[in-house]
Amino acid sequence: MSFLVEYTEPHWRDLDMRALRVDQAYMYLHSEYAEDSYLYTLSDECYTCPFAKVKALPSAESVEPLKLSTAYPLSFKIYAHDQGHYAYENASALCALRRSDLQEFGVYNLTLLANGSCSFSVDKPGVPINYAFLSVFVLVASLLILLKLVSCAWKRYRYDEAAAVADSIGDAAAKATQRQRMRSLDTFRGLSIVLMIFVNSGGGGYSWIEHAAWNGLHLADIVFPTFLWIMGVCIPLSIKAQLGRGISKPRICLRIVWRACKLFAIGLCLNSTNGPQLEQLRLMGVLQRFGIAYLVAGVLHTICSRRDYLSPQRAWQRAIYDICLFSGELAVLLALIAAYLGLTFGLRVPGCPRGYLGPGGKHNNAADPNCIGGAAGYVDRLILGNAHIYQHPTAKFVYDASAFDPEGVFGCLLSIVQAMLGCFAGVTLLVHVTWQARLRRWLLGATLLGVLGGALCGFSKEHGIIPVNKNLWSLSFVFVTVALALVLLSVLYYVVDVRQLWSGSPFTECGMNAIIMYVGHTVMHKMLPWHWRIGAMNTHFLLLLEAVWNTLIWMGIALYLDARQFYYSL
(Lines give C-alpha, C1' and ligand atoms only; values in the text may rest on other atoms or scores of the structure.)
Protein backbone atom coordinates (compact mmCIF):
# COMPACT_ATOMS: atom_id res chain seq x y z
CA MET A 1 0.00 0.00 0.00
CA SER A 2 3.03 2.32 -0.05
CA PHE A 3 2.05 3.57 -3.51
CA LEU A 4 -0.96 5.28 -1.94
CA VAL A 5 1.32 7.86 -0.32
CA GLU A 6 3.82 8.13 -3.20
CA TYR A 7 6.58 6.42 -1.26
CA THR A 8 9.96 6.12 -2.95
CA GLU A 9 13.33 4.94 -1.73
CA PRO A 10 15.29 7.76 -0.02
CA HIS A 11 18.26 7.03 -2.27
CA TRP A 12 18.63 5.49 -5.69
CA ARG A 13 22.24 4.77 -6.49
CA ASP A 14 23.94 8.10 -5.85
CA LEU A 15 20.77 10.19 -6.11
CA ASP A 16 18.91 11.79 -3.20
CA MET A 17 15.28 11.10 -4.09
CA ARG A 18 14.04 13.28 -1.21
CA ALA A 19 15.57 16.31 -2.93
CA LEU A 20 12.90 16.10 -5.63
CA ARG A 21 9.70 18.12 -5.36
CA VAL A 22 6.23 17.10 -6.53
CA ASP A 23 6.08 16.29 -10.24
CA GLN A 24 9.84 16.02 -10.57
CA ALA A 25 12.12 13.25 -11.77
CA TYR A 26 15.81 12.73 -12.47
CA MET A 27 17.26 12.21 -15.91
CA TYR A 28 20.83 11.14 -16.62
CA LEU A 29 22.43 12.72 -19.64
CA HIS A 30 24.99 10.72 -21.62
CA SER A 31 26.85 11.67 -24.74
CA GLU A 32 28.79 9.36 -27.06
CA TYR A 33 28.93 12.04 -29.71
CA ALA A 34 32.37 13.20 -30.77
CA GLU A 35 31.58 16.93 -30.64
CA ASP A 36 29.86 19.33 -28.26
CA SER A 37 26.08 19.10 -28.12
CA TYR A 38 23.29 20.98 -26.33
CA LEU A 39 19.99 19.87 -24.82
CA TYR A 40 16.79 21.91 -25.30
CA THR A 41 13.36 21.07 -23.89
CA LEU A 42 9.75 22.17 -24.38
CA SER A 43 6.73 21.40 -22.20
CA ASP A 44 3.32 20.76 -23.75
CA GLU A 45 2.01 23.41 -21.35
CA CYS A 46 3.84 26.12 -23.32
CA TYR A 47 1.87 26.51 -26.57
CA THR A 48 3.77 27.59 -29.73
CA CYS A 49 6.90 28.23 -27.68
CA PRO A 50 10.47 27.70 -28.86
CA PHE A 51 12.61 25.06 -27.22
CA ALA A 52 14.52 26.44 -24.23
CA LYS A 53 18.15 25.69 -23.56
CA VAL A 54 18.84 23.42 -20.59
CA LYS A 55 22.58 22.73 -20.70
CA ALA A 56 25.44 21.32 -22.68
CA LEU A 57 25.63 17.55 -22.67
CA PRO A 58 28.48 16.15 -20.57
CA SER A 59 31.33 14.22 -22.09
CA ALA A 60 31.27 10.45 -22.37
CA GLU A 61 33.35 10.05 -19.22
CA SER A 62 30.98 11.94 -16.92
CA VAL A 63 27.39 11.27 -15.89
CA GLU A 64 25.30 14.14 -14.62
CA PRO A 65 21.64 14.01 -13.45
CA LEU A 66 19.09 16.63 -14.39
CA LYS A 67 15.81 17.46 -12.62
CA LEU A 68 12.76 17.37 -14.91
CA SER A 69 9.14 18.43 -14.47
CA THR A 70 6.70 15.58 -15.05
CA ALA A 71 3.48 17.62 -14.79
CA TYR A 72 3.12 17.78 -18.59
CA PRO A 73 4.63 15.79 -21.48
CA LEU A 74 8.11 16.97 -22.44
CA SER A 75 9.83 17.21 -25.80
CA PHE A 76 13.60 17.04 -26.14
CA LYS A 77 15.93 18.22 -28.88
CA ILE A 78 19.70 17.96 -29.02
CA TYR A 79 21.63 20.37 -31.24
CA ALA A 80 25.19 20.19 -32.43
CA HIS A 81 25.60 23.94 -31.95
CA ASP A 82 24.55 26.33 -29.21
CA GLN A 83 21.32 27.99 -30.43
CA GLY A 84 21.25 30.60 -27.67
CA HIS A 85 18.54 30.83 -25.03
CA TYR A 86 15.83 29.63 -27.44
CA ALA A 87 15.93 27.24 -30.39
CA TYR A 88 13.45 27.85 -33.18
CA GLU A 89 11.99 25.57 -35.82
CA ASN A 90 14.35 26.76 -38.53
CA ALA A 91 17.32 25.18 -36.72
CA SER A 92 17.92 21.50 -37.44
CA ALA A 93 18.53 19.18 -34.48
CA LEU A 94 20.61 16.05 -34.23
CA CYS A 95 17.71 14.20 -32.65
CA ALA A 96 14.29 14.88 -31.18
CA LEU A 97 11.84 12.92 -29.05
CA ARG A 98 8.71 13.48 -26.94
CA ARG A 99 7.82 11.64 -23.74
CA SER A 100 4.34 11.63 -22.21
CA ASP A 101 5.08 8.80 -19.76
CA LEU A 102 7.38 10.62 -17.32
CA GLN A 103 6.41 10.01 -13.69
CA GLU A 104 7.17 11.66 -10.39
CA PHE A 105 10.29 10.31 -8.63
CA GLY A 106 11.37 8.39 -11.71
CA VAL A 107 14.93 8.12 -13.00
CA TYR A 108 15.52 8.18 -16.75
CA ASN A 109 18.42 8.03 -19.20
CA LEU A 110 18.81 10.15 -22.31
CA THR A 111 21.80 9.22 -24.46
CA LEU A 112 23.12 10.92 -27.56
CA LEU A 113 24.68 8.11 -29.58
CA ALA A 114 27.78 8.43 -31.69
CA ASN A 115 25.73 8.53 -34.91
CA GLY A 116 23.70 11.54 -33.63
CA SER A 117 20.51 9.66 -32.74
CA CYS A 118 18.82 9.62 -29.30
CA SER A 119 18.23 6.72 -26.97
CA PHE A 120 15.80 6.93 -24.03
CA SER A 121 15.43 4.36 -21.24
CA VAL A 122 13.86 4.04 -17.80
CA ASP A 123 16.34 3.52 -14.98
CA LYS A 124 13.80 3.63 -12.14
CA PRO A 125 10.02 3.75 -12.67
CA GLY A 126 8.21 6.67 -11.09
CA VAL A 127 5.26 6.53 -8.72
CA PRO A 128 1.56 7.11 -9.51
CA ILE A 129 0.27 10.37 -8.07
CA ASN A 130 -3.53 10.02 -8.28
CA TYR A 131 -3.81 7.34 -5.62
CA ALA A 132 -3.23 10.10 -3.06
CA PHE A 133 -6.86 11.11 -3.56
CA LEU A 134 -7.98 7.67 -2.39
CA SER A 135 -5.67 7.80 0.62
CA VAL A 136 -6.88 11.22 1.75
CA PHE A 137 -10.51 10.26 1.13
CA VAL A 138 -10.18 7.18 3.35
CA LEU A 139 -8.48 9.20 6.09
CA VAL A 140 -11.03 12.02 6.01
CA ALA A 141 -14.00 9.63 5.82
CA SER A 142 -12.67 7.67 8.79
CA LEU A 143 -12.19 10.88 10.78
CA LEU A 144 -15.70 12.15 10.00
CA ILE A 145 -17.29 8.80 10.89
CA LEU A 146 -15.38 8.75 14.17
CA LEU A 147 -16.49 12.29 15.00
CA LYS A 148 -20.09 11.40 14.19
CA LEU A 149 -19.97 8.37 16.48
CA VAL A 150 -18.44 10.43 19.29
CA SER A 151 -21.07 13.13 18.81
CA CYS A 152 -23.93 10.63 18.93
CA ALA A 153 -22.50 8.97 22.04
CA TRP A 154 -22.08 12.34 23.75
CA LYS A 155 -25.64 13.41 22.96
CA ARG A 156 -27.00 10.13 24.27
CA TYR A 157 -25.04 10.55 27.47
CA ARG A 158 -25.85 14.24 27.92
CA TYR A 159 -29.54 14.44 27.18
CA ASP A 160 -32.43 12.47 28.58
CA GLU A 161 -35.31 11.29 26.50
CA ALA A 162 -37.48 14.36 27.16
CA ALA A 163 -34.72 16.71 26.07
CA ALA A 164 -34.11 14.63 22.97
CA VAL A 165 -37.81 14.86 22.07
CA ALA A 166 -37.71 18.62 22.59
CA ASP A 167 -34.62 18.87 20.42
CA SER A 168 -36.21 16.87 17.66
CA ILE A 169 -39.27 19.14 17.74
CA GLY A 170 -37.01 22.17 17.58
CA ASP A 171 -35.03 20.69 14.70
CA ALA A 172 -38.23 19.95 12.81
CA ALA A 173 -39.42 23.51 13.32
CA ALA A 174 -36.06 24.86 12.22
CA LYS A 175 -36.10 22.72 9.10
CA ALA A 176 -39.62 23.86 8.30
CA THR A 177 -38.47 27.46 8.58
CA GLN A 178 -35.38 26.82 6.47
CA ARG A 179 -37.47 25.37 3.65
CA GLN A 180 -38.92 28.82 3.10
CA ARG A 181 -35.45 29.87 1.97
CA MET A 182 -33.90 28.38 -1.15
CA ARG A 183 -31.21 26.28 0.42
CA SER A 184 -29.74 25.38 -2.95
CA LEU A 185 -28.50 28.98 -3.36
CA ASP A 186 -26.64 28.83 -0.06
CA THR A 187 -25.42 25.33 -0.95
CA PHE A 188 -24.11 26.61 -4.27
CA ARG A 189 -22.38 29.56 -2.61
CA GLY A 190 -20.96 27.32 0.10
CA LEU A 191 -19.65 24.79 -2.41
CA SER A 192 -17.97 27.64 -4.30
CA ILE A 193 -16.25 29.07 -1.22
CA VAL A 194 -15.13 25.62 -0.06
CA LEU A 195 -13.58 24.90 -3.46
CA MET A 196 -12.01 28.36 -3.43
CA ILE A 197 -10.34 27.67 -0.09
CA PHE A 198 -9.19 24.27 -1.32
CA VAL A 199 -7.58 25.55 -4.51
CA ASN A 200 -6.09 28.57 -2.72
CA SER A 201 -4.48 26.09 -0.34
CA GLY A 202 -2.65 24.52 -3.27
CA GLY A 203 -5.08 21.79 -4.25
CA GLY A 204 -2.49 19.13 -3.54
CA GLY A 205 -0.12 20.49 -6.17
CA TYR A 206 -2.02 18.89 -9.06
CA SER A 207 -1.67 20.75 -12.34
CA TRP A 208 -5.29 20.18 -13.37
CA ILE A 209 -6.50 21.79 -10.14
CA GLU A 210 -4.27 24.86 -10.30
CA HIS A 211 -4.99 27.77 -12.63
CA ALA A 212 -4.27 27.21 -16.31
CA ALA A 213 -1.10 28.95 -17.48
CA TRP A 214 -3.09 30.91 -20.07
CA ASN A 215 -5.82 29.34 -22.20
CA GLY A 216 -7.87 26.44 -20.91
CA LEU A 217 -10.13 25.64 -17.99
CA HIS A 218 -8.87 23.98 -14.83
CA LEU A 219 -10.77 23.46 -11.57
CA ALA A 220 -9.34 26.62 -10.01
CA ASP A 221 -10.53 28.66 -13.00
CA ILE A 222 -14.18 27.72 -12.42
CA VAL A 223 -14.49 28.77 -8.78
CA PHE A 224 -14.32 32.57 -9.01
CA PRO A 225 -16.75 33.02 -11.94
CA THR A 226 -19.34 30.68 -10.44
CA PHE A 227 -19.16 32.53 -7.12
CA LEU A 228 -19.57 35.83 -8.98
CA TRP A 229 -22.51 34.42 -10.91
CA ILE A 230 -24.35 33.15 -7.83
CA MET A 231 -23.95 36.62 -6.32
CA GLY A 232 -25.83 37.90 -9.36
CA VAL A 233 -28.57 35.30 -8.88
CA CYS A 234 -29.23 36.60 -5.37
CA ILE A 235 -29.48 40.27 -6.40
CA PRO A 236 -33.09 40.12 -7.74
CA LEU A 237 -34.24 38.14 -4.69
CA SER A 238 -32.71 40.67 -2.30
CA ILE A 239 -34.02 43.72 -4.14
CA LYS A 240 -37.55 42.29 -4.43
CA ALA A 241 -37.56 41.59 -0.69
CA GLN A 242 -36.42 45.14 0.09
CA LEU A 243 -39.00 46.68 -2.23
CA GLY A 244 -41.63 44.50 -0.59
CA ARG A 245 -40.69 46.00 2.79
CA GLY A 246 -41.30 49.46 1.39
CA ILE A 247 -37.64 50.51 1.00
CA SER A 248 -37.21 53.06 -1.77
CA LYS A 249 -35.01 52.45 -4.79
CA PRO A 250 -32.61 55.34 -4.00
CA ARG A 251 -32.02 53.90 -0.54
CA ILE A 252 -31.43 50.43 -1.99
CA CYS A 253 -28.90 51.91 -4.42
CA LEU A 254 -27.09 53.63 -1.55
CA ARG A 255 -26.86 50.30 0.28
CA ILE A 256 -25.44 48.67 -2.83
CA VAL A 257 -22.84 51.42 -3.23
CA TRP A 258 -21.85 51.15 0.44
CA ARG A 259 -21.52 47.36 0.25
CA ALA A 260 -19.47 47.57 -2.95
CA CYS A 261 -17.13 50.10 -1.29
CA LYS A 262 -16.65 47.76 1.69
CA LEU A 263 -15.85 44.83 -0.61
CA PHE A 264 -13.30 46.93 -2.48
CA ALA A 265 -11.72 48.22 0.73
CA ILE A 266 -11.42 44.74 2.26
CA GLY A 267 -9.85 43.41 -0.93
CA LEU A 268 -7.35 46.28 -0.92
CA CYS A 269 -6.42 45.52 2.69
CA LEU A 270 -5.97 41.82 1.89
CA ASN A 271 -3.52 42.80 -0.86
CA SER A 272 -1.28 44.31 1.84
CA THR A 273 -0.87 41.17 3.96
CA ASN A 274 2.78 40.91 2.88
CA GLY A 275 3.43 44.54 3.75
CA PRO A 276 1.65 47.81 2.84
CA GLN A 277 4.25 49.22 0.46
CA LEU A 278 2.08 51.84 -1.23
CA GLU A 279 4.38 52.34 -4.22
CA GLN A 280 3.86 48.69 -5.20
CA LEU A 281 0.44 47.94 -3.69
CA ARG A 282 -1.76 45.90 -6.00
CA LEU A 283 -4.99 47.86 -6.47
CA MET A 284 -7.27 45.21 -7.96
CA GLY A 285 -8.13 41.73 -6.75
CA VAL A 286 -10.93 39.21 -6.25
CA LEU A 287 -13.04 41.23 -3.80
CA GLN A 288 -12.43 44.42 -5.76
CA ARG A 289 -13.88 42.79 -8.86
CA PHE A 290 -16.77 41.46 -6.78
CA GLY A 291 -17.45 44.99 -5.58
CA ILE A 292 -17.40 46.54 -9.06
CA ALA A 293 -19.59 43.83 -10.61
CA TYR A 294 -22.02 43.97 -7.68
CA LEU A 295 -22.21 47.76 -7.87
CA VAL A 296 -23.11 47.91 -11.56
CA ALA A 297 -25.37 44.84 -11.67
CA GLY A 298 -27.11 45.73 -8.40
CA VAL A 299 -27.81 49.40 -9.18
CA LEU A 300 -28.91 48.58 -12.73
CA HIS A 301 -31.31 45.87 -11.57
CA THR A 302 -32.69 48.14 -8.86
CA ILE A 303 -33.48 50.80 -11.44
CA CYS A 304 -35.08 48.28 -13.82
CA SER A 305 -36.90 46.12 -11.26
CA ARG A 306 -40.58 46.14 -10.36
CA ARG A 307 -42.26 45.83 -7.01
CA ASP A 308 -44.59 43.06 -8.22
CA TYR A 309 -44.11 40.36 -10.83
CA LEU A 310 -47.60 39.74 -12.23
CA SER A 311 -47.43 36.83 -14.62
CA PRO A 312 -49.37 37.26 -17.92
CA GLN A 313 -52.35 35.07 -18.63
CA ARG A 314 -51.26 33.67 -21.98
CA ALA A 315 -48.77 30.82 -22.05
CA TRP A 316 -46.49 32.33 -24.72
CA GLN A 317 -46.33 35.61 -22.81
CA ARG A 318 -45.41 33.80 -19.59
CA ALA A 319 -42.67 31.94 -21.45
CA ILE A 320 -40.88 35.17 -22.36
CA TYR A 321 -41.96 37.31 -19.42
CA ASP A 322 -38.58 37.10 -17.64
CA ILE A 323 -36.84 38.15 -20.86
CA CYS A 324 -39.18 41.14 -21.19
CA LEU A 325 -38.51 42.19 -17.60
CA PHE A 326 -34.79 41.87 -18.24
CA SER A 327 -34.84 43.74 -21.56
CA GLY A 328 -33.31 46.97 -20.17
CA GLU A 329 -30.48 45.10 -18.48
CA LEU A 330 -30.05 42.93 -21.57
CA ALA A 331 -29.39 46.06 -23.64
CA VAL A 332 -26.66 47.15 -21.21
CA LEU A 333 -25.26 43.62 -21.18
CA LEU A 334 -24.97 43.57 -24.96
CA ALA A 335 -23.40 47.04 -24.91
CA LEU A 336 -20.75 45.85 -22.45
CA ILE A 337 -19.97 42.85 -24.66
CA ALA A 338 -19.74 45.11 -27.71
CA ALA A 339 -17.41 47.50 -25.86
CA TYR A 340 -15.22 44.60 -24.73
CA LEU A 341 -14.98 43.12 -28.22
CA GLY A 342 -14.44 46.51 -29.83
CA LEU A 343 -11.54 47.35 -27.52
CA THR A 344 -10.07 43.85 -27.64
CA PHE A 345 -9.95 43.61 -31.40
CA GLY A 346 -9.92 47.29 -32.39
CA LEU A 347 -7.61 49.04 -29.95
CA ARG A 348 -4.10 49.70 -31.23
CA VAL A 349 -1.55 48.43 -28.71
CA PRO A 350 1.95 49.81 -29.35
CA GLY A 351 4.31 47.14 -30.61
CA CYS A 352 1.64 44.42 -30.68
CA PRO A 353 -0.60 42.93 -33.37
CA ARG A 354 -4.19 44.11 -33.22
CA GLY A 355 -6.52 41.68 -31.47
CA TYR A 356 -3.67 39.78 -29.79
CA LEU A 357 -4.95 37.45 -27.05
CA GLY A 358 -1.75 35.65 -26.10
CA PRO A 359 0.47 35.74 -23.01
CA GLY A 360 3.45 37.42 -24.67
CA GLY A 361 6.86 36.21 -23.56
CA LYS A 362 7.98 33.25 -25.65
CA HIS A 363 4.47 32.50 -26.93
CA ASN A 364 4.24 32.36 -30.72
CA ASN A 365 8.01 31.76 -30.86
CA ALA A 366 8.65 34.95 -28.87
CA ALA A 367 7.27 37.13 -31.66
CA ASP A 368 5.45 39.46 -29.24
CA PRO A 369 7.31 39.27 -25.93
CA ASN A 370 5.84 42.44 -24.35
CA CYS A 371 2.22 42.00 -25.44
CA ILE A 372 0.74 39.94 -22.59
CA GLY A 373 -3.03 40.14 -22.68
CA GLY A 374 -3.12 42.47 -25.69
CA ALA A 375 -5.62 45.29 -25.14
CA ALA A 376 -6.52 44.07 -21.63
CA GLY A 377 -2.95 44.25 -20.41
CA TYR A 378 -2.35 47.58 -22.13
CA VAL A 379 -5.44 49.25 -20.64
CA ASP A 380 -4.63 47.97 -17.14
CA ARG A 381 -1.08 49.28 -17.36
CA LEU A 382 -2.36 52.67 -18.51
CA ILE A 383 -4.94 52.97 -15.74
CA LEU A 384 -3.21 51.25 -12.82
CA GLY A 385 0.47 51.52 -13.70
CA ASN A 386 2.81 48.55 -14.00
CA ALA A 387 3.76 48.68 -10.29
CA HIS A 388 0.15 48.30 -9.12
CA ILE A 389 -0.85 45.19 -11.07
CA TYR A 390 -0.21 41.54 -10.25
CA GLN A 391 3.48 40.76 -10.70
CA HIS A 392 3.39 36.95 -10.75
CA PRO A 393 0.74 35.71 -13.21
CA THR A 394 0.70 32.03 -14.14
CA ALA A 395 1.99 32.93 -17.60
CA LYS A 396 5.18 34.35 -16.10
CA PHE A 397 6.45 30.93 -15.04
CA VAL A 398 5.48 29.12 -18.23
CA TYR A 399 5.88 31.72 -20.97
CA ASP A 400 8.47 34.03 -19.33
CA ALA A 401 5.80 36.73 -19.56
CA SER A 402 5.71 40.11 -17.85
CA ALA A 403 3.34 41.38 -15.14
CA PHE A 404 -0.41 41.02 -15.79
CA ASP A 405 -3.44 41.34 -13.52
CA PRO A 406 -6.06 38.58 -13.98
CA GLU A 407 -8.46 40.72 -11.91
CA GLY A 408 -7.62 43.98 -13.65
CA VAL A 409 -9.86 46.86 -14.71
CA PHE A 410 -10.46 45.81 -18.31
CA GLY A 411 -11.77 42.37 -17.37
CA CYS A 412 -14.41 43.99 -15.16
CA LEU A 413 -16.50 44.62 -18.29
CA LEU A 414 -17.28 40.93 -18.75
CA SER A 415 -17.28 40.25 -15.00
CA ILE A 416 -20.26 42.62 -14.85
CA VAL A 417 -21.81 40.60 -17.68
CA GLN A 418 -21.22 37.44 -15.61
CA ALA A 419 -23.08 38.93 -12.65
CA MET A 420 -25.89 40.20 -14.88
CA LEU A 421 -26.38 36.74 -16.37
CA GLY A 422 -26.74 35.59 -12.78
CA CYS A 423 -29.36 38.30 -12.28
CA PHE A 424 -31.32 36.87 -15.20
CA ALA A 425 -31.31 33.44 -13.55
CA GLY A 426 -32.60 35.15 -10.39
CA VAL A 427 -35.38 36.85 -12.36
CA THR A 428 -36.34 33.43 -13.68
CA LEU A 429 -36.77 32.31 -10.08
CA LEU A 430 -39.15 35.18 -9.38
CA VAL A 431 -41.17 34.89 -12.58
CA HIS A 432 -41.53 31.13 -13.00
CA VAL A 433 -43.23 29.63 -9.96
CA THR A 434 -43.01 25.91 -10.84
CA TRP A 435 -39.77 23.99 -10.50
CA GLN A 436 -40.26 22.42 -13.91
CA ALA A 437 -40.38 25.82 -15.61
CA ARG A 438 -37.32 27.03 -13.73
CA LEU A 439 -35.27 23.98 -14.65
CA ARG A 440 -36.34 24.16 -18.30
CA ARG A 441 -35.28 27.81 -18.48
CA TRP A 442 -31.93 27.22 -16.74
CA LEU A 443 -31.03 24.15 -18.76
CA LEU A 444 -32.04 25.84 -22.01
CA GLY A 445 -29.82 28.78 -21.09
CA ALA A 446 -26.96 26.44 -20.22
CA THR A 447 -27.26 24.72 -23.60
CA LEU A 448 -27.32 27.98 -25.57
CA LEU A 449 -24.42 29.54 -23.68
CA GLY A 450 -22.42 26.32 -23.81
CA VAL A 451 -22.81 26.10 -27.58
CA LEU A 452 -21.94 29.80 -28.02
CA GLY A 453 -18.88 29.48 -25.81
CA GLY A 454 -17.78 26.33 -27.60
CA ALA A 455 -18.24 27.96 -31.00
CA LEU A 456 -16.14 30.96 -29.97
CA CYS A 457 -13.24 28.78 -28.81
CA GLY A 458 -13.65 26.26 -31.62
CA PHE A 459 -14.41 23.57 -28.99
CA SER A 460 -10.68 23.45 -28.30
CA LYS A 461 -8.15 24.84 -25.86
CA GLU A 462 -5.94 26.95 -28.10
CA HIS A 463 -7.93 27.57 -31.26
CA GLY A 464 -11.07 29.42 -32.23
CA ILE A 465 -11.81 33.14 -32.40
CA ILE A 466 -11.78 33.67 -28.63
CA PRO A 467 -10.21 30.89 -26.51
CA VAL A 468 -11.49 30.15 -23.03
CA ASN A 469 -9.23 32.23 -20.82
CA LYS A 470 -9.71 33.13 -17.16
CA ASN A 471 -6.80 35.58 -17.15
CA LEU A 472 -8.51 37.67 -19.83
CA TRP A 473 -12.02 36.81 -18.59
CA SER A 474 -12.79 36.18 -22.24
CA LEU A 475 -16.31 36.05 -23.67
CA SER A 476 -16.09 32.31 -24.28
CA PHE A 477 -14.93 31.91 -20.68
CA VAL A 478 -18.02 33.79 -19.46
CA PHE A 479 -20.41 31.71 -21.56
CA VAL A 480 -18.85 28.35 -20.64
CA THR A 481 -18.62 29.05 -16.89
CA VAL A 482 -22.18 30.42 -16.74
CA ALA A 483 -23.38 27.30 -18.57
CA LEU A 484 -21.61 25.11 -15.99
CA ALA A 485 -23.08 27.20 -13.16
CA LEU A 486 -26.61 26.87 -14.55
CA VAL A 487 -26.26 23.09 -14.74
CA LEU A 488 -24.87 22.88 -11.21
CA LEU A 489 -27.62 25.11 -9.78
CA SER A 490 -30.24 23.03 -11.59
CA VAL A 491 -28.90 19.84 -10.02
CA LEU A 492 -28.67 21.37 -6.54
CA TYR A 493 -32.12 22.96 -6.82
CA TYR A 494 -33.70 19.66 -7.80
CA VAL A 495 -31.90 17.60 -5.15
CA VAL A 496 -32.01 20.08 -2.25
CA ASP A 497 -35.18 22.14 -2.71
CA VAL A 498 -37.47 20.08 -4.94
CA ARG A 499 -36.90 16.50 -3.79
CA GLN A 500 -35.26 17.38 -0.46
CA LEU A 501 -32.95 14.40 -0.82
CA TRP A 502 -30.15 16.39 0.82
CA SER A 503 -30.21 19.37 3.14
CA GLY A 504 -27.11 20.86 1.51
CA SER A 505 -25.14 20.58 4.75
CA PRO A 506 -22.30 21.34 5.38
CA PHE A 507 -22.06 23.56 2.30
CA THR A 508 -25.23 25.48 3.18
CA GLU A 509 -23.71 26.65 6.45
CA CYS A 510 -20.53 27.67 4.62
CA GLY A 511 -22.53 29.68 2.12
CA MET A 512 -24.27 31.63 4.86
CA ASN A 513 -20.91 32.91 6.17
CA ALA A 514 -18.95 33.04 2.93
CA ILE A 515 -17.30 36.42 3.56
CA ILE A 516 -15.95 35.28 6.93
CA MET A 517 -14.50 32.15 5.37
CA TYR A 518 -12.90 34.02 2.46
CA VAL A 519 -11.32 36.79 4.52
CA GLY A 520 -10.35 34.40 7.32
CA HIS A 521 -8.58 31.87 5.12
CA THR A 522 -6.75 34.68 3.31
CA VAL A 523 -5.50 36.35 6.49
CA MET A 524 -4.58 33.11 8.26
CA HIS A 525 -3.05 31.46 5.20
CA LYS A 526 0.31 30.70 6.87
CA MET A 527 -0.82 30.09 10.44
CA LEU A 528 -1.37 27.04 12.59
CA PRO A 529 -3.63 25.12 12.84
CA TRP A 530 -4.86 25.88 9.33
CA HIS A 531 -1.53 25.22 7.64
CA TRP A 532 1.48 23.17 8.64
CA ARG A 533 4.69 21.77 7.21
CA ILE A 534 6.32 18.40 7.85
CA GLY A 535 9.69 17.89 6.22
CA ALA A 536 10.06 18.77 2.56
CA MET A 537 6.30 18.47 1.76
CA ASN A 538 7.34 17.02 -1.60
CA THR A 539 4.47 14.61 -2.27
CA HIS A 540 0.97 15.20 -3.53
CA PHE A 541 -0.29 13.16 -0.59
CA LEU A 542 1.07 15.58 2.02
CA LEU A 543 0.08 18.67 0.05
CA LEU A 544 -3.40 17.28 -0.54
CA LEU A 545 -3.75 16.32 3.11
CA GLU A 546 -2.79 19.84 4.19
CA ALA A 547 -5.19 21.47 1.73
CA VAL A 548 -8.07 19.23 2.81
CA TRP A 549 -7.21 19.79 6.48
CA ASN A 550 -7.33 23.57 6.03
CA THR A 551 -10.62 23.34 4.14
CA LEU A 552 -12.21 21.09 6.77
CA ILE A 553 -11.23 23.45 9.57
CA TRP A 554 -13.01 26.33 7.84
CA MET A 555 -16.03 24.13 7.22
CA GLY A 556 -16.01 23.28 10.93
CA ILE A 557 -15.88 27.00 11.77
CA ALA A 558 -18.88 27.60 9.51
CA LEU A 559 -20.81 24.81 11.22
CA TYR A 560 -19.95 26.24 14.63
CA LEU A 561 -21.09 29.73 13.62
CA ASP A 562 -24.33 28.26 12.28
CA ALA A 563 -24.89 26.39 15.55
CA ARG A 564 -24.46 29.72 17.38
CA GLN A 565 -26.77 31.34 14.80
CA PHE A 566 -24.09 33.87 13.93
CA TYR A 567 -24.19 35.11 10.35
CA TYR A 568 -22.25 38.01 8.88
CA SER A 569 -22.72 39.74 5.57
CA LEU A 570 -21.52 43.10 4.33
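At what angle do helix α4 and helix α6 pack, and how far apart are their axes? In this predicted model, helix α4, which spans residues 219-244, packs against helix α6, residues 286-304, at an angle of about 30 degrees, and their axes are 10 Å apart. Angles under 35 degrees count as roughly parallel, and α4 and α6 are therefore roughly parallel to each other. The crossing of α4 and α6 is right-handed. On the α4 side the contact is made by Phe224, Phe227, Leu228, Met231, Ile235, Pro236 and Ile239, while α6 contributes Val286, Arg289, Phe290, Ala293, Tyr294, Ala297, Gly298, His301 and Thr302. By class, the residues of this contact divide into 12 nonpolar, 3 polar and 1 charged.

Helix α3 makes the contact through Arg189, Ile193, Val194, Met196, Ile197 and Asn200, and helix α17 through Ala514, Met517, Tyr518 and His521. The contact of α3 with α17 has 7 nonpolar, 2 polar and 1 charged residues.

Another disulfide joins Cys95 to Cys118, S to S 1.6 Å. Since Cys95 lies in strand β9 (residues 95-99) and Cys118 in strand β11 (residues 118-124), the pair ties together parts that are 23 residues apart in sequence. Cys95 is buried, with a relative accessible area of 8%, whereas Cys118, at 25% relative accessibility, counts as partly exposed.

The disulfide between Cys352 and Cys371 has an S to S distance of 2.0 Å, and with -100 degrees about the S-S bond this link is left-handed. Cys352 sits in the loop between α9 and α10 and Cys371 in the loop between α10 and α11, 19 residues apart. Cys352 counts as buried at 14% relative accessibility, as does Cys371 at 3%.

With the bonded cysteines numbered in sequence order, the pairing is 1-2, 3-4, 5-6. Cys324 is in no disulfide, the nearest cysteine sulfur, that of Cys304, being 14 Å away, and Cys324 is partly exposed, with a relative accessible area of 44%. The sulfur of Cys412 is 14 Å from the closest cysteine sulfur, in Cys261, which is too far for a bond; Cys412 is buried, with a relative accessible area of 6%.

Conventions
Residues are numbered from 1 along each chain as its sequence is written. This is a predicted model: local features need pLDDT of at least 70, side-chain atom pairs count only at pLDDT 80 or more; totals for chains, interfaces and linings use all residues. Side-chain values use heavy atoms; hydrogens and water are left out. Contact means heavy atoms within 4.5 Å. Helices (H or I, at least four residues) and strands (E, at least two) are DSSP runs, numbered from the N terminus. Ala, Val, Leu, Ile, Met, Phe, Trp, Tyr, Cys and Pro count as nonpolar, Asp, Glu, Lys and Arg as charged, and the others, Gly among them, as polar. Axes are lines fitted to C-alpha atoms, for helices over the stretch in contact, and angles run from 0 to 180 degrees between N-to-C directions. Angles under 35 degrees count as roughly parallel, over 145 as roughly antiparallel, 65 to 115 as roughly perpendicular and the rest as oblique. A crossing is left-handed if the near helix is turned anticlockwise from the far one by less than a right angle, and right-handed if clockwise. A disulfide is a pair of cysteine sulfur atoms within 2.5 Å. Buried means under 20% relative accessible area, exposed over 50%, partly exposed in between (1.4 Å probe, protein chains only).
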